[in-house]
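Subject: Structure for your review

Dear colleague,

Please find below the structure that I am handing over to you.

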Amino acid sequence: MSDTVKVHYLRDYQAPLFELDKVYLEFDLQPQATRVTNTMQIRALSPGEPLVLNGEKLQLLDVRVNGESVLAQCDVTDEHLTVKTDLSEFELSIDTEIAPESNTSLEGLYRSSGNYCTQCEAEGFRKITYFLDRPDVMTLYTTKIIAPKADCKVLLSNGNLIESGELDAGRHYAVWEDPFRKPCYLFALVAGNLECIEDQYRTADGRDVTLRIYVEPRNIDKCEHAMSSLKKSMQWDEQRFGLVYDLDIYMIVAVDDFNMGAMENKGLNVFNSKFVLAKPETATDVDYEGIEAVIAHEYFHNWTGNRVTCRDWFQLTLKEGLTVFRDQEFTADMLSPAVKRIEDVKRLRNHQFPEDAGPMAHPIQPQSYIEMNNFYTMTVYEKGAEVVRLYHTLLGEAGFQQGMKLYFERHDGDAVTVEDFRNAMADANGIDLTQMHNWYVQSGTPTLQIAAEYDAANQTYRLHCRQNLPAQEEPFKPLLLPIKTALLAANGKAMPLKVQNAAAQTLSPKTQQAGAGEASQEVLLVMREAEQTFVFEGIAEEPTPSFLRGFSAPVNLQFAYSDAQLSLLSRADDDAFARWEAFQTLAMNEIKGNISRFEAQQPLELSAAMINAFAGVLLDRQADRGLVALTLPMPDLTYIGEQYRQINVEAVYAVQRWLKRELAQRFEEPLLALYEQLRAESAGDYRYEKTAIATRKLKNVALGYLLLLEQHAALAEAQFNAAQNMTDVLAALESLSHTGHEARLRCLERFYMQWRYDPLVLDKWFAIQAGSHHLHALEHVKALVEHADFHYENPNRVRSVLGVFGRLNLLGFHRADGAGYAFLAEQVIKLDKLNPQVAARMVAPFTHWKRYDAARQQYMQQALQKIMAVKGLSKDVFEIVSKSLKS
Ligand code: B3K
Ligand code: ZN
């Protein structure tokens, strides 16, 4: 692999040499021999240059220029077809054959449960036909699909159905025409024996749109939530962003075998069935939320991604960061903004921060890649969304929407860059946002150190702020960094604030909320320099500062809070994120102190501050349940590990568990009372609604604590047996899964017998065992991959076992003898032959090898080397493994 590896660089970008006026595709579908005829109307922009088309794993049958075969004059390699012609305008037809049935990479045209479907982003279209497979080549598509009627009742592609009919030998056909120009990564084709539910949506401008969700017949009773999510998304995008749907039909197809969550193909989204199918008996609250969010995300792409697309793949965050930001805002508006914000920050810290600190770290606009599919990352998506949020924070909702409006005015129908987005935001608001560029080109999580100085005589409070990127090799380019700040008096009230020289600390008079001078209780300090001091005047007592409210920038804050200050913030701050954050910091300090004791073999200690803070949250019956449910659990194992350069696996696990058990013991009675109360309240029919969700969540948090005490295992088994919805069934099973209690096996067995024929539910059964902290977790996982229901070809099943094991099973995966590593390496090697994209994802836990002790480092490196030594390794796995070993 390493001999032929090609690195793609942003700096090498060159505009296309050819334009496509339109393309006509014809598919004659056969499992092992699908014939694809691709007829393109081409214009040469620099006549005389050879036309180099991308194509992989295609059997080339013929090439015609204006109807004449030129096959003999073409150059064909594994990755390209070169056609030489002096014509400046011509029709090029290419006949190829492909075998969807044998395509286990799930990229290009493949089969899932016997149905045909496609996945083209990023570069999968080249596995369907030879093409200019790059997002800045946009054209109009007409697609004819021919198939045997018995196998493929339904024939779908992008746009509108313009013709259909019968053919000989039991075959039929359909012709679809997409009136919008698009890049080939948005092409889709679906064919099979699917059924659909149908609904209508009337747009704000009065057009009726047909909405259809296609699934396998056995799933037809699980589509309602997806349909209602789609309608909510359409309405929300009209109201909040003024964006209206543009075709007469919107189709979603659910398939069981899919490499990621879903795909926003124009008018014909293809989804992993996990993000479509739900009914209360089979799907949890988390699944319901996931479905609502992913349906929204793909729908929102119609404008941010499809109507305005990316010039090249280095611009991926242009569509993904922006669309994630939009789906986050949607979920916040549908459910609880505070809960959503905290959940997103947790996700960012647990998954993106580690990525940004490891060998695969890259800026949200990567500067190079070997395999583009490896760059659909937490960084491009979630940190990208945080950067879009920065614009929103700096400009306010009105300014941000003006920027969006200008962005669409300027670029509708185009393939553009992140600079185009920034310029629209800047120009619409009349300000200079050039410095935002620094967020796009530097990797790593910035640190923000703040030192405070209170001057009682002058009643001033000075904040000395310093920003940096710790692992940066090149000189650090300071970031435009908004710090939303309040100052609390000892009585917990926010003080009126006056910032010295306020105008200079803000962007422009247009951005009103930015510390504009009149006394408000929250200001947006805008940091631009590597070091900067802000001075508050008229501060009558030494305050407790509340920084980065709402997590106003994706940085690591370093400020020396006392326990008393953290207690005050966690009780009294009126920003929900800041309250949660203060509690987490208290808990983290408690954990860190005890990890030191654990390492020094001293007895562990529970502090009064921790007990009081926990009591304060647990016993406050007025508090928002959704927030309490997020606050009571102790910091995740991953996040604790993140605090250390070198992670002491045993200490992290032991101390977190000890702390949770200690709290369970001390608060056994109120936890039990809370559990009983919420159990009574949550009885009855399942409702997907904010309060009901929060009630179930908090009840199950209480159950999780109680299950740490042996005497309460029966509670979980009772809940498991009685519950009518999957949220409660799974929470009970999950808490039992970590115990050695005999009920564990009973419940697992019962669950399997009940759900063995429902793949999405069965995934949960696999995942629970793969994530269990049971002493014999590795043996269990080894048995799981041998299980008759484990299929390497199915990404959901693979992620449920191998993904969960590597990512979440701290004890099992990081077993001291290295057996967990050896096992995962073997699995990756096996998987890479079938599905490189999924295999590459499974390598991620190894990338952090430097964060473990010497013995584990060595075992992890050995595992990586073993993968590296495999002949014929995919580009996907090669890139991640080689970068990890080099680090
Ligand atoms: N755009 C797709 C992801 C494609 C991933 C390609 N490996 C889904 C999304 O982000 O909406
Ligand atoms: Zn997306």
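Predicted model: local features only at pLDDT ≥ 70, side-chain atom pairs only at ≥ 80, totals over all residues.

A polar contact is a pair of N or O atoms within 3.5 Å. In one of them, 2.8 Å separates an oxygen atom of ligand 1 from an N or O atom in the side chain of Glu-298. The side chain of Glu-264 has an N or O atom 2.8 Å from a nitrogen atom of ligand 1. For Tyr-381, an N or O atom of the side chain lies 2.5 Å from an oxygen atom of the ligand.

On its own, ligand 1 has 340 Å² of accessible area, and the protein covers 95% of it.

Ligand 1 is surrounded by 15 residues, and the closest are Glu-121, Glu-264, Glu-298, Asn-373 and Tyr-381. By class, the shell consists of 6 nonpolar, 4 polar and 5 charged residues.

I turn next to the domains. The domain assignment gives domain 1 (1-193), domain 2 (447-560) and domain 3 (756-887). Between the C-alpha centres of domain 1 and domain 3 there are 34 Å. These two domains are in contact, with 7 residues of domain 1 meeting 10 residues of domain 3. About 750 Å² of area is buried between domain 1 and domain 3, and carbon and sulfur atoms give 60% of that area.

Yours sincerely,
A colleague

Note on methods:
Residues numbered from 1 in each chain as written. Chains lettered and ligands numbered in written order. Heavy atoms only, no water. Near = heavy atom within 4 Å. Polar contact = N/O pair within 3.5 Å; in protein donor to acceptor, adjacent residues only side chain to side chain. Areas by Shrake-Rupley, 256 points an atom, 1.4 Å probe, with all protein chains shown as cover. Nonpolar A, V, L, I, M, F, W, Y, C, P; charged D, E, K, R; others polar. Domains from an automatic or database assignment. Contact = heavy atoms within 4.5 Å. Buried area = accessible area lost by both parts, 1.4 Å probe.
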